[in-house]
Amino acid sequence: MYEKTIAFIKELYGNQDFTPLSVPKFVGNEKKYLEECIDTTFVSSVGKFVDRFEDDIARYTGAKKAVVCVNGTAALHMALMLAGVERDDEVLTQALTFIATCNAISYIGAHQVFLDVDKSTMGLSPDAVKAWLVKNAEIRDGQCFNKNTGRRVKACVPMHTFGHPVRIEELANICNEYRIELVEDAAESIGSKYKGKHTGLFGKVGALSFNGNKTITTGGGGMLLFMDEELGAFAKHLTTQAKVPHRWEFRHDYVGYNYRMPNINAAVGCAQLEHLDEFIADKRATAAEYVSFFKGIDGIEFFVEPENCFSNYWLNAVVLRDKKAQQTFLQETNDNGVMTRPIWELMNRLPMFEKCETDGLVNTQWFADRVVNIPSSVRL
Ligand SMILES: *Cc1c(COP(=O)(O)O)cnc(C)c1O
């Protein structure tokens, strides 16, 4: 049924026996910088590449401060703590996300509330958030509470799905109105912008990921983004065991975390970042090829960046007609050497989260039944 699509994707990626979904690209200074780490013995959590990677990412994104973490999940955990989320608080988020978003919330002992996504972004819908708050929230002593559970609603965590920015400005306004902290899961959206501003900068803190399948990689890694420099400095303190600076004494003034990114990972990050704009231009060119191809294909819609947004097109996505078409597409592509994957199983369907509160999740379910990710690697 999907022969034409399979042939097109194979050709796009040079007719290999197997076309993977998303693999990293190393075309620059990665080896050189790694060699420098080894030659200087600075392989661990202190080193010039750590500082440089933070500065480079801050400059690239426009953040006032950037703080490296061991991975995106740790960055999210830290972000939620910095936002003041505590045990038994509620956190508003989307069910259509990768597990890391929800795991980070659970590490704190907070409760996920799953709200619907927008058809235009695949990310958390300001309309859904507003509707839920109007129905369930009350403000007491300057804080937001869920009238039904009595729990404090402390934070809202939208995720920029596949690199496509959510309607983040509207979400920020709603969070302001209801005294809720906005924490952006920007793990998939490095380089993606909403009205010219980099994702991850609209709330209290944003989190990036540099896992191997992301747009640029450090092997494993993450980054916290801040517009509040002081909070960023505190994040650096907490992620480095909260050690009080001193030439030889070991004194720590908080329960800190060993969430530092080693210098060897940061070295790879510095080299990758030198090519990020090229990678994104390449990914956007691939997306443009998909757009024109799928115009002529019945029953498959290619998902494009929302209005007013610049997407990094991290993972390309198509929307099939229904669940049955989705399953057939997955079967045929994977049987024929083209790697494709369905969108994640919805969080509210996993055993850990099946008792969490949800709204109708109408669009969420609609996407879950139809979306498939197709090959997206940089082609350069
Ligand atoms: C990749 C990703 C993360 C972070 O993952 P790590 O592998 O820990 O870096 C978090 N949230 C989303 C939505 C992601 O896609």
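Predicted model: local features only at pLDDT ≥ 70, side-chain atom pairs only at ≥ 80, totals over all residues.
**Entry 1: H2 and H3**

H2 covers residues 30-40 and H3 covers residues 48-61. I read an angle of about 140 degrees between them, with the axes 11 Å apart. Angles over 145 degrees count as roughly antiparallel. H2 and H3 are therefore oblique to each other.

Next I looked up who makes the contact. From H2 I noted Tyr33, Glu36 and Cys37. From H3 I noted Lys48, Phe49 and Arg52. I sorted the residues of this H2 and H3 contact by class: three are nonpolar, three are charged and none is polar.

**Entry 2: H1 and H10**

Which way do H1 and H10 run relative to each other? I took H1 as residues 3-12 and H10 as residues 276-295. Their axes come within 12 Å and cross at roughly 155 degrees. H1 and H10 are therefore roughly antiparallel. I also noted the hand: H1 passes H10 in a right-handed crossing.

On the H1 side, the contact uses Lys4, Thr5, Phe8, Ile9 and Leu12. On the H10 side, I listed Thr286, Glu289, Tyr290, Phe293 and Phe294. The H1 and H10 contact divides into six nonpolar, two polar and two charged residues.

**Entry 3: H6 and H7**

I moved on to H6, residues 126-136, and H7, residues 168-177. The axes of H6 and H7 come within 9 Å, and the crossing angle is roughly 15 degrees. Angles under 35 degrees count as roughly parallel. H6 and H7 are therefore roughly parallel to each other. Is the crossing of H6 past H7 left-handed or right-handed? I found it left-handed.

H6 brings Pro126, Val129, Lys130 and Leu133 to the contact. H7 brings Glu170, Leu171, Ile174 and Glu177. For the H6 and H7 contact I wrote down five nonpolar and three charged residues, with no polar ones.

**Entry 4: The two domains**

I then turned to the domain assignment. It gives domain 1 as 3-25 + 276-374 and domain 2 as 30-273. How far apart are the C-alpha centres of domain 1 and domain 2? I read 25 Å. Their contact takes 42 residues from domain 1 and 48 residues from domain 2.

Domain 1 and domain 2 bury about 3,800 Å² between them. Of that area, 63% is on carbon and sulfur atoms. Which three residues supply more than any other three of the area that domain 1 buries against domain 2? I noted Leu276, Trp314 and Trp344, which supply 20% of that area.

Conventions
Residues numbered from 1 in each chain as written. Heavy atoms only, no water. Axes fitted to C-alpha atoms, helices over the stretch in contact; angles between N-to-C directions. Helix = DSSP H or I, 4+ residues; strand = E, 2+ residues; numbered from the N terminus. Parallel < 35°, antiparallel > 145°, perpendicular 65-115°, else oblique. Left-handed = near helix turned anticlockwise from the far one by under 90°. Contact = heavy atoms within 4.5 Å. Nonpolar A, V, L, I, M, F, W, Y, C, P; charged D, E, K, R; others polar. Domains from an automatic or database assignment. Buried area = accessible area lost by both parts, 1.4 Å probe.
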